[in-house]
Amino acid sequence: MIEIKDLRKSFGDKVVIDDVSAVMEAGKANLIIGASGSGKTVFMKCLVGLFEPDGGEILYSGKSFTTMEEEERKELRQQIGMLFQGAALFDSQTVEQNVMFPLDMFTRLTYTEKLKKVNEVLDRVNLKDANKKFPAEISGGMKKRVGIARAIVLNPKYLFCDEPNSGLDPQTSLVIDKLIYEVTKEFNMTTVINTHDMNSVMEIGDHIIYMYKGEKEWEGSNKQIIYSNSKKLNDFIFASEFLQDVKAMRMVEAEGKVSNAKNDSQ
Amino acid sequence: MNFFNHFGRYLLMIKGMFTRPENWKMYWKELMHQCSDIGIGSLGIVVVVALFIGAVSTLQTAYQLVSNLIPKSTIAQIVRDTVILEFAPTISCIVLAGVVGSKIASELGNMRVSEQIDALEIMGINTKAYLIMPKILASFIMIPLLVIVAGVLGIWGGRLAGTMAAILSREEFDQGLLNGFQPFNVRFALYKAYTFAFIISSIPAYFGYFVKGGALEIGKASTTAVVASCIMILFADYVLAALLL
């Protein structure tokens, strides 16, 4: 579990994160959504320690990350996996070497043991035949899957995904979402996902935080988001006419269910 | 003000490299990889440059020594000292600043822009220690060796050009090489090589590591790194000569 208390971050005079508090629970896909420039990437970078917050506290399973000693932070970071927007694979290494890298750096396993673990993880992300390929030789979706494999190879407790669906077609996006969701449940990880993708919000949003100009504007689940009264959230989520129609249909459906339930009870 | 800002960040980057490695074996592997990249990767250009510089210096020295009173072996003496004192360390290192420096800056710049450095940081790896330190150490190991190779080949190139152009015989050249040889000159060349090795690796590493933006900025950082390294090499060359000669 990750607890965030009154997190603040500014760049010069510009306040990017303004007193945001939240709790990210284990075994859930915690989504951070918001328009470009709303502060969600900075928020995530503060959580993983790439930016030092100006104020507030971040607690990983009760331990304060902000006041932690550097050595303790290093140890905690080995429990953190991150999938980057562009996958951030090492260009000069093959898929197998990329996934093996954390094992090489932080474990004392033999080569055979490491290879077994790498193959297990690659199998888990449905990438069996790409071991010897270089990142330049595989598609965007495959890169994301390699990124997920590298992020989970050390069995982390926390998984961060920065825009996992950017640049992917809707079908591949769904595959990636499903994969992230499955590994979250399977390994009971605390997963935090930055996304713009409304399919992700509806499909895997166990817990959603909507950021608006650096502030937490709304918090809830994918079941609740459709009934939200927040105008800013509705303008963001249901931006197109198509999505507005979907919302209207869902509302009608829900009202129907409520009236049916009332009739049944009478 | 901008210079002091850069210089301060550069010093902090150097300081940040000195931490306990997460895994000695991986650091060793990276060091060997860099030694191969920097040493073997630049050997070809160093060989070519050294041979031609030596050959040209023999021809030009002979062209300027018109008096019959000066023995021809003096040409070899002049070629030897100019190659050891200046051409082998300085010219080779200016060429290496272009070859190695641009490679270091663009490699680190690309890693920064494509978030590979962030990925390493999140894993709990000190990226300054893992990415920059092996490059500096590899330069310390390989660049003095390349300078020695350049010195030997420069003199050999001069000898070859001298005999091919019938300026002086091999015996005369060899005799000139032995006349008034000062071992300190070789030591001085190595002092220069170590100083330049640090400049060639650390300055481009700084510009690459802190690059912001995209492909265009990587190119700019690479060019700035080479220009800054060349200027620093020439400046250090003057300072060392003024202090030690």
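**Entry 1: A:Asn30**

I started with the side chain of A:Asn30, which reaches the backbone oxygen of A:Lys28 at 3.2 Å. I'm working from a predicted model here, so that distance is computed. Next I checked what else this side chain touches: a polar contact of 2.7 Å joins it to the side chain of A:His207. Where does A:Asn30 sit in chain A? I found it in strand 3, which covers residues 29–33. Is A:Asn30 buried or exposed? Its relative accessibility is 1%, so I wrote it down as buried, since the cut-off for buried is under 20%.

**Entry 2: the glutamates of chain A**

Then I went looking at charge on the surface. I noted a patch of negative charge where A:Glu69, A:Glu70, A:Glu72 and A:Glu75 gather. I picked A:Glu69 to follow up, and it lies in the loop between strand 5 (63–64) and helix 2 (70–77) of chain A. A:Glu69 counts as exposed because its relative accessibility is 58%, and exposed means over 50%.

**Entry 3: the phenylalanines of chain B**

Last stop was chain B. Which residues make the nonpolar surface patch of about 460 Å²? I listed B:Phe3, B:Phe4, B:Phe7 and B:Leu11. I looked up B:Phe3 by itself and placed it in helix 1 of chain B, residues 2–16. B:Phe3 comes out at 57% relative accessibility, so I put it down as exposed.

**Quick recap for myself**

A:Asn30 is buried, whereas A:Glu69 is exposed and B:Phe3 is exposed too.

Notes. Residues numbered from 1 in each chain as written. Chains lettered and ligands numbered in written order. Predicted model: local features only at pLDDT ≥ 70, side-chain atom pairs only at ≥ 80, totals over all residues. Heavy atoms only, no water. Patch = residues over 30% accessible without salt bridge, like charges linked within 9 Å, V, L, I, M, F, W, Y side chains within 5 Å. Areas by Shrake-Rupley, 256 points an atom, 1.4 Å probe, with all protein chains shown as cover. Salt bridge = Lys/Arg side-chain N within 4 Å of Asp/Glu carboxyl O. Lys, Arg positive; Asp, Glu negative; His and termini not counted. Charge placed at Lys NZ, Arg CZ, Asp CG, Glu CD. Helix = DSSP H or I, 4+ residues; strand = E, 2+ residues; numbered from the N terminus. Buried < 20%, exposed > 50% of the residue type's maximum accessible area, 1.4 Å probe, protein only. Polar contact = N/O pair within 3.5 Å; in protein donor to acceptor, adjacent residues only side chain to side chain.
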